[in-house]
Amino acid sequence: MMVKSRQRGAFLMARALLIVGILTAMLVIPVYLKKEREEREAAVHKAEMAHSQGSGAAAVAASGVHSDVAPAARAIGHGLTFVVIHEDGKAPPEVVRLSCHGEPAPLDQPHQGSCNPYRGDTSCRTVLPVLCVRPAAAPLPAGLDAGAYPGWTGGTLGATKPVMGAVLESAALASARCEKELGAGWRMAAFHDGPGGQGSWGLQGLRGAGLTGPTRYWVHIGDQKGNCWDSGG
């Protein structure tokens, strides 16, 4: 009887320890995962802030290596932006029109009171959505005058969540953001996405997600230094 009693006591003790271990794990693991997530988010925020201050600072922040030599600061330049044109009743609801001209107007470095494809019009410290396009070959909707709607892309236009322009270090990175948020086949919209690759100071296409609110949108231009990654001030 004594042996059985000891065996039963050992069994109950082992079971109690197992239960305590399981309960402890249930408490500790969520705390650990929360801390790890917060550290990752803090690292991403630190990297984006470093990008806004200069590519050298970004590299140091990403590597985690500390140096007594201050990295060369990348000048915060200006980027090209377009704005959604208010509906005039001439276009069907599935069509969206964006233009260099319109409200809100660019205030930082306008060209003749409007957008500036030559040097960029909006400070890259500004937080704006990226204008994205999913190229296709949709015809101009019936009843619309092609001359009155220059820049018909034949595709769908949408936008990302707002982002500081200085974080966009290339068209490829901006396009990756479009694809991540909107899906495969999307890229950053360009000034020359109109018919024949000609710049028309405006882009039109089928309406996609993200084009809401009175705001301007970052747009890429390939043959001028009017982007946040190459305008240099």
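A: Before we start, one term: buried means under 20% relative accessible area. Also, this is a predicted model.

Q: Okay, how many disulfides does a search of the whole structure find?
A: That search finds three disulfides. With bonded cysteines counted along the chain, they follow the pattern 1-2, 3-6, 4-5.

Q: Where does cysteine 124 pair up?
A: Cysteine 124 is joined to cysteine 228, S to S 2.1 Å. The pair links distant parts of the chain, 104 residues apart: cysteine 124 is in the loop between S4 and strand S5 (127–128), and cysteine 228 is in the segment after strand S11 (216–218).

Q: Are those two buried or exposed?
A: Cysteine 124 and cysteine 228 are both buried.

Q: And why is the disulfide of cysteine 124 and cysteine 228 left-handed?
A: Because the torsion about its S-S bond is about -100 degrees.

Q: What about cysteine 132?
A: Cysteine 132 forms a disulfide with cysteine 178, with the sulfur atoms 2.1 Å apart. Cysteine 132 sits in strand S6 (residues 131–134) and cysteine 178 in helix H3 (residues 171–182), so the pair ties together parts that are 46 residues apart in sequence.

Q: Which cysteine is joined to cysteine 100?
A: Cysteine 115, with S to S 1.7 Å. Cysteine 100 is buried, at a relative accessible area of 0%.

Q: Switching topic: what volume does the largest cavity have?
A: About 50 Å³. Its lining includes Leu80, Trp218 and Cys228.

Q: How many charged residues are in that lining?
A: There are no charged residues, but seven nonpolar and three polar ones.

Methods. Residues numbered from 1 in each chain as written. Predicted model: local features only at pLDDT ≥ 70, side-chain atom pairs only at ≥ 80, totals over all residues. Heavy atoms only, no water. 1 Å grid on protein atoms, 1.4 Å probe; cavity = no way out; pocket = protein on both sides within 12 Å on 5 of 7 lines; lining within 4 Å. Points joined across faces, edges and corners; volume = space filled by probe spheres on them. Nonpolar A, V, L, I, M, F, W, Y, C, P; charged D, E, K, R; others polar. Disulfide = S-S within 2.5 Å. Buried < 20%, exposed > 50% of the residue type's maximum accessible area, 1.4 Å probe, protein only. Helix = DSSP H or I, 4+ residues; strand = E, 2+ residues; numbered from the N terminus.
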